[in-house]
Amino acid sequence: MASLGDSFMLPKPGVETEHLWVLITQPDPGSFQAVMVNVTTQRPHSDTTTILLPGDHPFIRQPSVIYYADARLVDVRDLDAALERGMFRGHEPFDSGVLKRIQAGVETSDFTPNKVSSSSNRRKSGGWFDKRGSDALSGRRSPKCAPDDINVLHEFLVVVVDRHVDFIPGGKPEERH
């Protein structure tokens with residue numbers, strides 16, 4: 001089962017280019033939900049809360065950032081099912097030191113969706129940020145501007161596992177012809 005630090009090459013809904021995604025929490029033992037973020041090339045307008053450089057992960061070849069505005073809650077059972085069906089591919093897991101930097105950023109970025117921030121605060125208090133059960137973060141984030149993300153990866157994977165779809169702007173599925 002997918003777990004903390006695992007990474008995947010996965011297209012974002014509505015975008016054909018694959019991005020590197022990483023699970024930054026252990027799956028909740030009851031709901032199997034975990035928080036997932038993606039890595040994208042650093043641009044002048046990027047959220048620079050967490051910058052990754054070559055050497056931080058085998059996939060990273062240029063300065064990149066964690067795109068916290070697109071952080072998602074995902075059911076890891078759906079990830080596992082889609083991975084088994086070959087709908088996307090796994091990649092090397094993240095090193096624990098880099099992972100802790102990414103986890104800290106979910107709490108400090110002004111762009112983390114409220115739903116994810118609230119979930120990560122609950123997970124932090126339950127010790128799900130670290131494989132050994134210790135708390136990897138300190139402090140609580142007070143979200144400033146990010147609305148709840150309406151295009152949750154979980155919904156994307158459930159639809160994709162059930163039938164092949166393309167996503168159009170606005171996050172609505174449109175079946176392939």
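Q: Is Glu18 buried or exposed, or in between?
A: Glu18 is partly exposed, at 33% relative accessible area; buried means under 20%, exposed over 50%, and partly exposed in between, with a 1.4 Å probe and protein chains only. This is a predicted model, where local features need pLDDT of at least 70, side-chain atom pairs count only at pLDDT 80 or more, and totals for chains, interfaces and linings use all residues. Residues are numbered from 1 along each chain as its sequence is written, and side-chain values use heavy atoms, with hydrogens and water left out.

Q: What does Glu18 form a salt bridge with?
A: With Arg89; the closest N and O atoms are 3.3 Å apart. A salt bridge here is a side-chain nitrogen of Lys or Arg within 4 Å of a carboxyl oxygen of Asp or Glu.

Q: And how exposed is Arg89?
A: Arg89 is partly exposed too, with a relative accessible area of 44%.

Q: How many salt bridges in the structure?
A: Four. Another one joins Arg72 and Asp70 at 2.3 Å, N to O, and both of those residues are buried. Asp75 also pairs with Arg77, at 2.7 Å between the closest N and O atoms.

Q: Switching to packing: what is Leu52 in contact with?
A: Leaving aside neighbours within four places in sequence, the contacts of Leu52 (heavy atoms within 4.5 Å) include Val39, Ile60, Phe94, Val98 and Ile102.
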